Amino acid sequence: MNVEEYLRKINCIEFKDKQPSLENLKILQQNHILQFPFENLDLHMGKPILFSLENSYNQLIKNSRGGYCIQLNSCFGWLIEQLGYKFDFYPTYVYNQFLKSYYRLPIHMILVVKL
């Protein structure tokens, strides 16, 4: 896994040596989101879904694909950690508006960055 390769992929190579800040984080996040959409194509093609950081990195960076929130957020977390940011992962519950309740298990993952 390579920070410069990731930054090139999201058009942010100039951020390699910048100090962590809210303004820089906003740009990194926006470019990450624009480059890597949510995607679940492997599920529909009957392929195994691999969630390791290395597999997620390869899917996004090497194969120019999107992924599930855990793949997208784990890669983005790895990137910003390499750039000096501190964060925590949190599992989250999703509200089902048709059932008018939350799913009973957390099915989403978010990052909370500490600035």
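Predicted model: local features only at pLDDT ≥ 70, side-chain atom pairs only at ≥ 80, totals over all residues.
Residues are numbered from 1 along each chain as its sequence is written, and side-chain values use heavy atoms, with hydrogens and water left out.

Reader: How many salt bridges does the model contain?
Author: A salt bridge is a side-chain nitrogen of Lys or Arg within 4 Å of a carboxyl oxygen of Asp or Glu. By this rule, the count is 4.

Reader: Which residue forms a salt bridge with Lys-16?
Author: Lys-16 lies in the loop between helix H1 (3–9) and helix H2 (22–35), and its partner lies in helix H1, so the pair ties together parts 12 residues apart in sequence. Helices here are DSSP runs (H or I, at least four residues), numbered from the N terminus. The closest N and O atoms are 3.8 Å apart, and the partner is Glu-4.

Reader: How many residues apart are Lys-62 and Glu-5?
Author: These two residues form a salt bridge, with the closest N and O atoms 3.1 Å apart. Lys-62 is in helix H4 (residues 53–62) and Glu-5 in helix H1, and the pair links distant parts of the chain, their separation being 57 residues.

Reader: Is Glu-39 buried or exposed?
Author: The side chains of Glu-39 and Arg-65 meet in a salt bridge (2.4 Å, N to O). Buried means under 20% relative accessible area, exposed over 50%, and partly exposed in between (1.4 Å probe, protein chains only). Arg-65, at 21%, is partly exposed. Because its relative accessible area is 11%, Glu-39 is buried.

Note on methods
Helix = DSSP H or I, 4+ residues; strand = E, 2+ residues; numbered from the N terminus.
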